[in-house]
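Load the model and keep the sequence beside it.

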Amino acid sequence: MDLPKHVFFEGKIVPFEEAKVSVATHAFNYGTGVFGGIRGYWNDEKKKIYIFRPYDHYRRFLNSGRMMNMHLPYDEESLIQLTLDLIRLENWQTNIYIRPLIYKADLGIGVRLHDLRDELTIFSMPFKQYVKNDTSAHVTVSSWRRLDDNMIPARGKISGAYANSALIKTDAQRAGFDEALVLNQDGHISEGSAMNVFMVRDGTVITPPVTDNILEGITRKTAMELAKNELSLSVVERPIDRTEIYICDELFMTGSAAEIVAITKVDYRPVGKGEMGPVAGQLRELFSEIVHAKNPKYAHWNVEV
Ligand code: PMP
């Protein structure tokens, strides 16, 4: 793994080796951190990295912090500036992943959210494909359930909540699947371990609503806008029954790490014709062009490093 040389840590940029926390750190013991996952894409013609929708990512990041009683002297713009300063120092010439994290930094025992110091850290690293079979993924329906808003809000990207994602992912992969879709407490489909889900039925693009224990994905929002505006499809947010994914025409997942992944089989049942469909295919092409800053119409989503 290519590790970064620099990290934003406790208020300044330090060498990677110096960015260390204690074993007694609150967030390390109790999962009291919130994080982001942002991608930067290398444009080989311009010889530059473009960060995709950082404002939206940092808005969600700060909102996750709000849910966890976190207070930091940064807004979206200053976080973008810190990120640019850091990445310029690294001088990556490839696609990267950027990981900002706010964590409860006090040392000692005592589970709570209040009267604790919050710290920010940001690092970046080279990043390739996240889901191997991204044009022909085989997923299962997880036996784990998605966390409910009244347990740990899925709407926040909260460190501790990713124990749920880790259980889902490992059991799916050990059973031979690429990923899993997770049901809510009421039995409706929520999302994957770290990606949102969409299905296409009779020409309509359908995805679970934000009240169905999902992370409000930036790639989800992007895919919805592109499906509407570029593919002229109607996009509907509504609960999805488990058996609908067995009979739909197309199924795909979206995420910053995962990008757009076509699901062609669910629990050994072929989705549609059993191969990547036209909606997922066209969205993948558009998405790739846009994130690499090769589509002027969407240049406002690309922040040049
Ligand atoms: N759901 C979960 C649980 C995730 O961790 C992610 C990845 N951040 C997503 C959905 C997709 O969100 P985004 O498109 O903003 O990366």
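What follows is a short tour of selected local features.

This is a predicted model: local features need pLDDT of at least 70, side-chain atom pairs count only at pLDDT 80 or more, and totals for chains, interfaces and linings use all residues. Residues are numbered from 1 along each chain as its sequence is written, and side-chain values use heavy atoms, with hydrogens and water left out.

Start at helix H5, residues 218-229. Helices (H or I, at least four residues) and strands (E, at least two) are DSSP runs, numbered from the N terminus. The expected span of a helix is 1.5 Å times one less than its number of residues. Several H5 residues are buried, among them Ile218, Arg220, Met224 and Leu226. Buried means under 20% relative accessible area, exposed over 50%, and partly exposed in between (1.4 Å probe, protein chains only). The areas come from the Shrake-Rupley method with a 1.4 Å probe; for residues, only the protein chains shown count as cover.

Now the charges. A salt bridge is a side-chain nitrogen of Lys or Arg within 4 Å of a carboxyl oxygen of Asp or Glu. The whole structure holds 17 salt bridges. Asp56 pairs with Arg53, with the closest N and O atoms 3.2 Å apart. Asp56 has a relative accessible area of 18%, so Asp56 is buried. Arg53, at 5%, also counts as buried. Salt bridges link Arg53, Asp56, Lys221 and Glu225 in a network.

Look next at Lys169 and Glu179. Their salt bridge brings the closest N and O atoms to 2.9 Å. The pair links distant parts of the chain: Lys169 is in helix H4 (residues 162-174) and Glu179 in strand S9 (residues 179-183), ten residues apart. Both Lys169 and Glu179 are buried.

Which parts does the salt bridge between Glu244 and Arg201 tie together? Its closest N and O atoms are 2.8 Å apart. Glu244 lies in helix H6 (residues 244-247) and Arg201 in strand S11 (residues 196-201), so the pair ties together parts 43 residues apart in sequence. Glu244 is buried at 9% relative accessible area, whereas Arg201 is partly exposed at 26%.

Move to the loop between helix H7 (278-291) and strand S17 (302-304), which holds Asn295. Tyr298 sits in the loop between H7 and S17 too. Asn295 is buried, with a relative accessible area of 13%. Contact means heavy atoms within 4.5 Å. Leaving out residues up to four places away in sequence, Asn295 touches Leu286, Glu289 and Ile290.

Tyr298 is buried at 5% relative accessibility. With residues up to four places away again left out, Tyr298 touches Leu226, Asn229, Glu230 and Ile290. A polar contact of 2.6 Å joins the side chains of Tyr298 and Glu230.

Tyr30, Ile109 and Val111 make a nonpolar patch of about 340 Å². Patches are made of residues with over 30% relative accessible area and no salt bridge: like charges are joined within 9 Å, nonpolar side chains (Val, Leu, Ile, Met, Phe, Trp, Tyr) within 5 Å. Val111 lies in the loop between strand S6 (96-104) and strand S7 (118-126). At 64% relative accessibility, Val111 is exposed.

Terms used: A polar contact is a pair of N or O atoms within 3.5 Å; within protein, one must be able to donate a hydrogen and the other to accept it, and residues adjacent in sequence count only if both atoms are side-chain atoms.
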